[in-house]
Amino acid sequence: MKRPTFRLLTLCLSAFCAWTPAMAQDGFPSKTIKIVNNFAAGGPSDVLARSIGQVLAEKFKQAVIVENKPGAAGNLGADAVAKSPADGHTVLFSIDTTFTVNPHIYGKAMPFKNSDLRPVVIISSSGLMMAVNPATGIKSLKDFIAIGKGKGLTLSSAGNGAPGHLAAERLTDAAQIKITHIPYKGNSPAVTAVLSNEVDGGVLATSGLLPFVRSGKITGLAVTSSKRSRLAPELPTVAELGMKELEQDILYLALVPSATPEAAVQKLQAGILEALKRPEMESRLSSLDMVIEGQTGAEASKRLAETSERYGKLVRATGMKVE
């Protein structure tokens, strides 16, 4: 009797061990979801994370918290998520340059590999605005280039490797002007630097600059998107001003550790895509000058890889580096 009983127990335990992971996946989420935004609070990615987080909390009936972990152009927050448990309960909300620019300028100093994280959804995209403090006397891109060729200019960005850094290097190369790049820990502090005249200007997220452009405290010059901004249609595109090579978009995306179970990834993906279909979310994204994207899986990975290849060529051509 002892031997059959032991055998039966062994079979039961084996069945339980095989059943448990499946139940864990099917039961996602089973605890609080933490969204890590790898840039400073108040910026576009932070607003996006909190807006979508509210929808996920409603859908999953679980608490969703947002933690801001800025630094090293998004590397600190991305590394924290890459090293977190791969169970779907820790999600990174980031911009693409953490994965498309940083590997090219940080090299061996990168604390993680792109392969450590997988995209869940490319949520949205937006252009940037070139803007300056009125004290510079600059009224147009032509003025900007003229002063840049003379005494030179200082431009803020959301960090080394951030979109504004890439834009500054592109401007230096395309217009043959002198620009000193000053990195900050996010879009909001970079905008504040322009506002306080700590720097001459910046190429930053339109939504962060616009209130100050409207009040006359900052002068908008142009946008880097292929079409004029819905928020600032009076500003020309860089292509309209004869500098199409400066066109640049930011991609906003959600990612999880690569080993995250497919069931959890699919649920997160479905929740985010559902959020993007809500009228209030479309309105919120419009207020951030964002266009809904919604690419997932292989399509999202391919787009990131193509963008990384394009930016890698620019980094090598401009000599862009960590300061």
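## Lining of the largest cavity

By class, the lining of the largest cavity comprises twelve nonpolar, five polar and no charged residues, where Ala, Val, Leu, Ile, Met, Phe, Trp, Tyr, Cys and Pro count as nonpolar, Asp, Glu, Lys and Arg as charged, and the others, Gly among them, as polar. The model is a predicted one, in which local features need pLDDT of at least 70 and side-chain atom pairs count only at pLDDT 80 or more, whereas totals for chains, interfaces and linings use all residues. Residues are numbered from 1 along each chain as its sequence is written, and side-chain values use heavy atoms, with hydrogens and water left out.

Two or more residues are given to the lining by each of α2 (44–60), α7 (163–175), β8 (201–205) and β10 (250–257), with β8 giving the most, three residues; helices (H or I, at least four residues) and strands (E, at least two) are DSSP runs, numbered from the N terminus.

## Cavities and how they are defined

On a 1 Å grid over the protein atoms alone, a cavity is a set of points where a 1.4 Å probe fits but cannot get out, while a pocket is an open set with protein on both sides within 12 Å along at least five of seven lines, and lining residues have an atom within 4 Å of a point. Grid points are joined across faces, edges and corners, and a volume is the space filled by probe spheres set on the points. By this rule there are two cavities of 30 Å³ or more.

The second largest cavity, with a volume of about 30 Å³, is lined by Met130, Ala167, Arg170, Leu171, Val203, Thr224, Val238 and Leu246. Helix α7 gives the most to this lining, with three residues, and the classes are six nonpolar, one polar and one charged.

## Open pockets

The largest pocket holds about 240 Å³ of space, and its lining includes Ser125, Ser126, Gly127, Lys227, Arg228, Arg230, Asp289 and Val291. One nonpolar, six polar and five charged residues make up that lining.

About 200 Å³ of space lies in the second largest pocket, whose lining residues include Arg170, Glu247, Gln248, Leu251, Arg303, Thr307, Arg310 and Tyr311. Helix α12 (residues 297–318) gives the most to this lining, with four residues, and by class the lining has two nonpolar, five polar and five charged residues.
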